[in-house]
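I opened the model to look up its strands, a helix and a loop residue. My notes follow.

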Amino acid sequence: MKWVTWQNVGIDRMGCAWLIRKFIDKNPEFIFIPDGSTALPRGAEAFDIPGVRLSHHGWHCSFHAMLRAYKLNDPVLKRIARIIDEADTVQEAAVEPSAPGLDLICTGARLTSPDDHTALERGAMIFEALYAALKREQEGAQER
């Protein structure tokens with residue numbers, strides 16, 4: 001399936017692309033359009049573009065919209081959504097201490113990547129590691 005988003009990916013788009021690859025579409029094709037563009041390629045599912053189904057709604061990031069749309073109820077994914085929310089949207093309270101660090105690392109991944117495809121690949125490693133660490137943390141809490 002084709003997926004479209006704006007260029008210069010950041011934390012939410014990196015997280016969404018990882019989520020798409022891992023849980024939604026095993027063979028996605030990502031298309032990047034200029035920031036601010038509303039001309040979407042036919043047949044592509046848009047994400048993290050204002051006004052589309054899979055974008056920010058209320059105070060929640062696009063990652064949240066994907067969890068709802070695809071009925072992904074994994075508690076670790078919900079925690080990642082909270083972290084991205086805190087890093088990517090205006091929050092009145094800081095509840096996820098890892099949010100600023102994850103945002104900084106994702107920004108660095110984008111800045112050191114020659115293009116958005118490479119940034120998504122590097123972001124995938126970051127989110128895979130985050131998922132593994134949070135899953136281990138959750139399992140450890142359940143064993144107590």
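**Helix, sheet and a loop serine**

I started with helix α1, residues 11–24. Helix α1 lies across β1 and β2. Its direction is about 170° to β1. I kept in mind that this is a predicted model.

Next I looked up the sheet. I found an open sheet of three strands, ordered β2-β1-β3, and the pairing is parallel. The edge strands are β2 (29–33) and β3 (44–46), each pairing on one side only.

I went on to the pairing of β1 with β2. Strand β1 covers residues 2–6, and five bridges join it to β2. The two strands run parallel. Which residue of β2 does Trp6 stand opposite? I found Ile33 there.

Then I turned to Ser37. I located Ser37 in the loop between β2 and β3. Is Ser37 buried or exposed? Its relative accessibility is 18%, and the cut-off for buried is under 20%. Ser37 therefore counts as buried.

I listed the contacts of Ser37, leaving aside neighbours within four places in sequence. Ser37 is in contact with Trp6 and Ile49. Trp6 is also the residue opposite Ile33 in β2.

I checked polar atoms too. A polar atom of the Ser37 side chain lies 3.3 Å from the backbone nitrogen of Ala39.

Last, I took one distance along the chain. Ser37 and Leu102 are 65 residues apart in the chain. Their C-alpha atoms are separated by 27 Å.

Note on methods. Residues numbered from 1 in each chain as written. Predicted model: local features only at pLDDT ≥ 70, side-chain atom pairs only at ≥ 80, totals over all residues. Heavy atoms only, no water. Pairing = 2+ DSSP bridges. Helix = DSSP H or I, 4+ residues; strand = E, 2+ residues; numbered from the N terminus. Contact = heavy atoms within 4.5 Å. Axes fitted to C-alpha atoms, helices over the stretch in contact; angles between N-to-C directions. Buried < 20%, exposed > 50% of the residue type's maximum accessible area, 1.4 Å probe, protein only. Polar contact = N/O pair within 3.5 Å; in protein donor to acceptor, adjacent residues only side chain to side chain.
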